[in-house]
Amino acid sequence: MDADAGYGRITDGRIKRVCVVGASGKLGRYMVRHALDRGYEVVGVCREGSVPKLTEFADRITVVPGRTNDREVIRRAVEGCDGVLVVLVPWGVRQYSSGTAQAVLDHAEPGARLVFSCGWHITRDGKDKYSRTFTTLLRIATWAGKLVRAVEIDDQVEACRRVFASDTRWTVVRGSDLEEGESQGLPVWRRHVGDPVLAGNLTRRVDFALFMVEALTDDTLVQEAPAIVGRLSSGALAASG
Ligand SMILES: NC(=O)c1ccc[n+]([C@@H]2O[C@H](COP(=O)([O-])OP(=O)(O)OC[C@H]3O[C@@H](n4cnc5c(N)ncnc54)[C@H](OP(=O)(O)O)[C@@H]3O)[C@@H](O)[C@H]2O)c1
């Protein structure tokens, strides 16, 4: 992969500068840490009031304050970035997720690796198999979120639909239930929810972030929507014998 192939700043597959959109949240801060550990330059985007949450990285990253669905904020933040890591959250009722995804799709450098986070409830091809409990809980969360006008899960679905339809070098990482704790290593993934390997339905958040950052340099994940699970979760352990 080189500039002659039309991939802009990306040369021999190496990443130098990365933007973390939604850097102040729990997942975002883990991703900032992993990216810095790899020696990447990091630009973080977060809401103005959340900038203090990034104090621990103050002199090591560039912060662009603003809402992540603000197109001008995203345009400035992703300029010159070889990779963009996006925390897609369904907060509010003003198309926050789809606005964020669209801004990234429109303004990222041509050929940049774009890695988006979401949950198992997102399906790319409709072939995921969900338990009845999962489907019921999702329906309740979607309905209740709308009712109190706090969460718009349908809009996260729309955000991912737009990503899936784009011809960019995207990966949509679909997280299982999450927990805090020390890293267990890189999560395992399968193309579809329902695969026995994913049965444990639990991933450490630090490892979700690790998978997102690793995806930047893993071309086998381009235009894939991996459903991930912790490598020490029950189904993953059973599969590895
Ligand atoms: N939580 C789970 O169990 C779970 C399971 C599977 C997948 N996921 C996926 O993992 C990713 C991270 O989720 P998380 O739950 O772990 O959260 P998180 O990392 O703590 O991130 C929450 C993000 O939402 C932003 N946010 C909070 N309230 C907001 C509001 N009212 N308007 C706009 N932005 C707001 C936060 O920004 P501020 O710092 O500015 O508040 C932060 O960037 C998401 O893509 C989610 O779909 C989560």
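How many salt bridges does the structure hold? The structure holds 15 salt bridges, a salt bridge being a side-chain nitrogen of Lys or Arg within 4 Å of a carboxyl oxygen of Asp or Glu. The model is predicted, so local features need pLDDT of at least 70 and side-chain atom pairs count only at pLDDT 80 or more, while totals for chains, interfaces and linings use all residues. Residues are numbered from 1 along each chain as its sequence is written, and side-chain values use heavy atoms, with hydrogens and water left out.

Side chains of opposite charge can pair when their charged atoms come close. Helices (H or I, at least four residues) and strands (E, at least two) are DSSP runs, numbered from the N terminus. E41 is partly exposed, with a relative accessible area of 44%, and R17 is partly exposed at 23%. Here buried means under 20% relative accessible area, exposed means over 50%, and partly exposed lies in between (1.4 Å probe, protein chains only).

A salt bridge also joins the side chains of R71 and D106, at 2.9 Å from N to O. This pair too links distant parts of the chain: R71 belongs to helix 2 (residues 71-78) and D106 to helix 3, 35 residues apart. R71 counts as partly exposed at 39% relative accessibility, and D106 counts as partly exposed at 40%.

Why are E158 and R162 separated by about one helical turn? The reason is that they are 4 residues apart in helix 5. An α-helix has 3.6 residues a turn, so residues three or four places apart point the same way. E158 is partly exposed, with a relative accessible area of 23%, and R162 is partly exposed at 27%. Elsewhere, E72, R75 and R76 are linked in a network of salt bridges.

The next topic is empty space. Rolling a probe the size of a water molecule over the atoms shows where empty space is left. The largest pocket has a volume of about 1400 Å³. On a 1 Å grid over the protein atoms alone, a pocket is an open set of points with protein on both sides within 12 Å along at least five of seven lines, and lining residues have an atom within 4 Å of a point. Grid points are joined across faces, edges and corners, and the volume is the space filled by probe spheres set on the points. Of the 44 residues that line the largest pocket, L88, V89, P90, W91 and Q156 are the closest to its centre. Several elements each supply at least two residues of this lining, among them helix 1 (26-37), strand 5 (113-119) and helix 5 (153-165). Helix 4 gives the largest share, 4 residues. The lining divides into 20 nonpolar, 17 polar and 7 charged residues; Ala, Val, Leu, Ile, Met, Phe, Trp, Tyr, Cys and Pro count as nonpolar, Asp, Glu, Lys and Arg as charged, and the others, Gly among them, as polar.

Helix 4 also contains W143, which is exposed, with a relative accessible area of 58%. W143, L147 and V148 make a nonpolar surface patch of about 380 Å². Patches are made of residues with over 30% relative accessible area and no salt bridge, and nonpolar side chains (Val, Leu, Ile, Met, Phe, Trp, Tyr) are joined within 5 Å, like charges within 9 Å. Accessible areas come from the Shrake-Rupley method with a 1.4 Å probe, and for residues only the protein chains shown count as cover. In the loop between helix 4 and helix 5 lies R149, whose phi is near 55 degrees, a positive value in a residue other than glycine. R149 counts as exposed at 59% relative accessibility.

Other parts are covered. Helix 6 has 10 of its 11 residues buried, including F208, L210 and F211. L221, in the loop between helix 6 and strand 10 (227-229), is buried, with a relative accessible area of 2%. L221 and V115 are 106 residues apart in sequence and 9.5 Å apart in space, C-alpha to C-alpha.

Key:
1 Å grid on protein atoms, 1.4 Å probe; cavity = no way out; pocket = protein on both sides within 12 Å on 5 of 7 lines; lining within 4 Å.
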